[in-house]
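Hi everyone, thanks for coming. I'd like to walk you through one model today, so please have a look at it first.

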Amino acid sequence: MTALIAGNWKMNGLSPAREEFAAMIAAAHDHAAQMLVCPPATLLASLSAMGGDVALGGQDCHVNEAGAHTGDISAQMLADAGATWCIVGHSERRADHAESDSVVKAKAVAARKAGLTPIVCVGEVREAREAGRAEAVVEAQLSGSLPEGPFVVAYEPVWAIGTGLVPSEDDIAAMHAAIRQQIGAGPRILYGGSVKPSNAAAILGLPEVGGALVGGASLKADDFLGIVRAAP
Ligand code: PGA
């Protein structure tokens, strides 16, 4: 399976970010990896109108299709705006919005229902890693969060997100092997957390690493394409 390199722009990106996306589209056909950008929802429709081979995704969705939920966005709306993927259960959502595993699962189910492929994020906090409980934490998150049917898992140690810290290659490989054991053959397992052009080749070359979920380094086309180029 080709690697999936997914960019999570988080709460970043105004109209000029269209130029970065244009540069990503222009380079997409040069690379084997599948490219995905999850911009803020405000940019989805205008990036979608640009066409090209870079897929688009949401960063979160509501569990319901529509209704009285001021400020929320449904998976159906994301699909309507051009998304084909949706991140659910990112650690920033789990922390900032107190999203439990069951809420994350309901969001993943809602994404599937709208025709989006969910990217279900899991990952341990630093204390759990230090206490030797990382695999147990991730196993519990997976059992509580995964929907039926097609999905992608993103393993993102919380302490590695936006910090420049990255687990050792052995630790990444061990966690991905444990996740593979639990979910069975098929779904891609992405690694996320401080992926950049300089460490991408080593991370993407590890067994069971089927791609990357990239935050900070996905905002600039040059950085993002540096990671895309590093994919095996
Ligand atoms: P980072 O973020 O690449 O900036 O560490 C990754 C993520 O949160 O998906």
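Which strand pairs with strand β1, and in what sense? Strand β1, residues 4-8, pairs with strand β2, residues 34-38, in the parallel sense over five bridges. Before I go on, a word on ground rules: this is a predicted model, where local features need pLDDT of at least 70, side-chain atom pairs count only at pLDDT 80 or more, and totals for chains, interfaces and linings use all residues. Residues are numbered from 1 along each chain as its sequence is written, and side-chain values use heavy atoms, with hydrogens and water left out.

On terms, helices (H or I, at least four residues) and strands (E, at least two) are DSSP runs, numbered from the N terminus. Two strands pair if DSSP finds at least two bridges between them.

Now, the barrel. Eight strands close up in the order β1-β2-β3-β4-β5-β6-β7-β8, and the pairing is parallel. From one strand to the next, the twist averages 25°. As a reminder, strands of a sheet pair through backbone hydrogen bonds, either parallel or antiparallel. Strand β2 is mostly covered, with four of its five residues buried; buried means under 20% relative accessible area, exposed over 50%, and partly exposed in between, using a 1.4 Å probe and protein chains only.

Let's move on to the helices. Helix α1, residues 17-28, lies across β2 and β3 (54-58), and runs at about 135° to β3. For such angles, axes are lines fitted to C-alpha atoms, for helices over the stretch in contact, and the angles run from 0 to 180 degrees between N-to-C directions.

How do α1 and α10 cross? The axes of α1 and helix α10, residues 221-230, come within 9 Å and cross at roughly 30°. That makes α1 roughly parallel to α10, since angles under 35 degrees count as roughly parallel, over 145 as roughly antiparallel, 65 to 115 as roughly perpendicular and the rest as oblique. On the α1 side we have Glu 20, Ala 23, Met 24 and Ala 27, and they meet Ala 221, Phe 224 and Leu 225 in α10; contact here means heavy atoms within 4.5 Å. By class, this contact of α1 with α10 has six nonpolar, no polar and one charged residues. In that scheme Ala, Val, Leu, Ile, Met, Phe, Trp, Tyr, Cys and Pro count as nonpolar, Asp, Glu, Lys and Arg as charged, and the others, Gly among them, as polar.

Next, helix α7, residues 134-145. Helix α5, residues 101-113, packs with α7 at an angle of about 45°, with the axes 7 Å apart. These two are therefore oblique to each other, and α5 passes α7 in a right-handed crossing. Asp 101, Ser 102, Val 104, Lys 105 and Ala 108 in α5 meet Ala 140, Gln 141, Gly 144 and Ser 145 in α7. The residues of that contact divide into three nonpolar, four polar and two charged.

Helix α7 also meets helix α8, residues 169-183: their axes come within 10 Å and cross at roughly 35°. This crossing is right-handed too. The α7 residues include Val 138 and Leu 142, and the α8 residues include Ala 178 and Ile 179. The contact of α7 with α8 divides into eight nonpolar, two polar and two charged residues.

Lys 10, in the loop between β1 and α1, has a positive phi of about 55° although it is not a glycine. Ser 194, in the loop between β7 (189-192) and α9 (197-204), has a positive phi as well, near 60°. Is Ser 194 buried or exposed? At 15% relative accessibility, Ser 194 counts as buried. Ser 198 sits in helix α9 and, at 66%, counts as exposed. C-alpha to C-alpha, Ser 198 and Ile 227 are 8.1 Å apart in space, and 29 residues apart in sequence.

How values were computed
Left-handed = near helix turned anticlockwise from the far one by under 90°.
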